[in-house]
Amino acid sequence: MAVNLQIPSESEIFPVAGVEIGVTEAGIRKANRRDLTVFQLAPGTNVAGVFTRNRFRAAPVQVCEAHLAAGGPIRALVINTGNANAGTGAEGLQKAQDTCVALGKLMGVPAQQVLPFSTGVILEPLPLDRLTAALPAALAGLGADQWFNAAHGIMTTDTLPKIHSRRVQIGGKTVTFTGISKGAGMIRPNMATMLSFLATDAGIAQPLLRKLALEIANRSFNRITVDGDTSTNDSFIIAATGQSGIDIATESDPHYAAVRDALAAAALDLATKIVRDAEGATKFITIRVEDALTTEEALKVAYSVAHSPLVKTAFFASDPNLGRILAAIGYAGIDDLDVSKLRLWLDDVLVACDGGRNPDYQEADGQRVMKQPEIGVRIALARGQANETVYTCDFSHDYVSINADYRS
């Protein structure tokens, strides 16, 4: 059951001028489910992406990277669920390329102008014939109002669709930011199985968009974790169509900050929705590490706590067995950490200080916080000025069940 995940109504999902979407059933893995989605992008749209660092990068990730590196325009995205086309060798790479060729022919654009994406089971051959046979139906259903259907169409073990949509007044014009994401397990993006597609009708120059995509990913999708597993298929795409009349070429543009902040807010919302809908999750947990020596050090501590099975199961049980958090901090790899200066809070409750339990701490206060669906963990290291935040969840019985039964 998702933790406080808000889904906008269809009337609150705003189309992005220059983006049309078609969703259909291809029977990639299961019959009678929407599992193939096509985005058609208007000429002049700039596209940038951030992808998994897993060395077993899926075939579509490799093709996306090559097509973006070529520097030409991107006119379409094609996404299938049910099969990751990862761990499939040369045959899988050819099928990803053939997917682009097939869609390109139907649209009348070169294959290099198509980006493919896949999500689902790893190490199984992609049923290319079913995918390509369904492409005409996806194109026939193209429409500007298909974001809600697309959010459903890219789901795998997700229980709810993840959508963000917002309109902002910038420079006297209405600028739209709409995006979708999917992911519930195998989530620790290193840019899980995670896909996200974010579009705006602002115009953003290609070099700047590439820089923005990386910066935004690092503050959103690269700050979430469910289980510490980095997928083979993680992909985050930003498309800027330029049809709002707002065009940004450099960071010195007067409208740059407003567009950047809106994109960053959208990405963070889509990223945290993944954690809220994590497999079996019952708690949404924000871990903030303060006063670290470096950003890397802060992230070491935050992820050490976020990935601890003992910490995560304690949160699931609402058991304030908070020594588990101290232990995770202690093995994070900071050899010269002075634990006598460290402080640990659960929300507003000071749990530990001066190298041990806060004398004023009462277990009833810890229990009160642990029972909440949303919990904050704050750790002050007293070493410097670097601060970082990571978002995670608990581990429940359902996480094991979902992943044990995933292929059945």
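**View 1. Helix 2 passes helix 3 in a right-handed crossing.** This is a predicted model, where local features need pLDDT of at least 70, side-chain atom pairs count only at pLDDT 80 or more, and totals for chains, interfaces and linings use all residues. Residues are numbered from 1 along each chain as its sequence is written, and side-chain values use heavy atoms, with hydrogens and water left out. Axes here are lines fitted to C-alpha atoms, for helices over the stretch in contact, and angles run from 0 to 180 degrees between N-to-C directions. A crossing is right-handed if the near helix is turned clockwise from the far one by less than a right angle, left-handed if anticlockwise. Helices (H or I, at least four residues) and strands (E, at least two) are DSSP runs, numbered from the N terminus.

**View 2. Here is where helix 2 meets helix 3.** From helix 2 come K95, D98, T99, A102, L103, L106 and M107, and from helix 3 come L128, L131, T132, L135, P136 and L139. Contact means heavy atoms within 4.5 Å.

**View 3. Helix 5 and helix 6 make a right-handed crossing too.** The axes of helix 5 (residues 206–219) and helix 6 (residues 256–276) come within 9 Å and cross at roughly 40 degrees. That makes helix 5 oblique to helix 6. Helix 5 brings L208, L212, E215, I216 and R219 to the contact, while helix 6 brings Y256, R260, L263, A264, A267 and L268.

**View 4. E215 and K211 join up in a salt bridge.** Their closest N and O atoms are 2.6 Å apart; a salt bridge needs a side-chain nitrogen of Lys or Arg within 4 Å of a carboxyl oxygen of Asp or Glu. Both residues sit in helix 5, 4 residues apart, about one turn of the helix. The structure holds 17 salt bridges.

**View 5. An open sheet of 5 strands runs in the order 3-10-8-7-6, with mixed pairing.** At the edges, strand 3 (46–51) and strand 6 (162–170) each pair on one side only. Two strands pair if DSSP finds at least two bridges between them. Strand 3 pairs with strand 10 (residues 235–240) in the antiparallel sense over 6 bridges, and V47 stands opposite A239 in strand 10.

Conventions:
Parallel < 35°, antiparallel > 145°, perpendicular 65-115°, else oblique.
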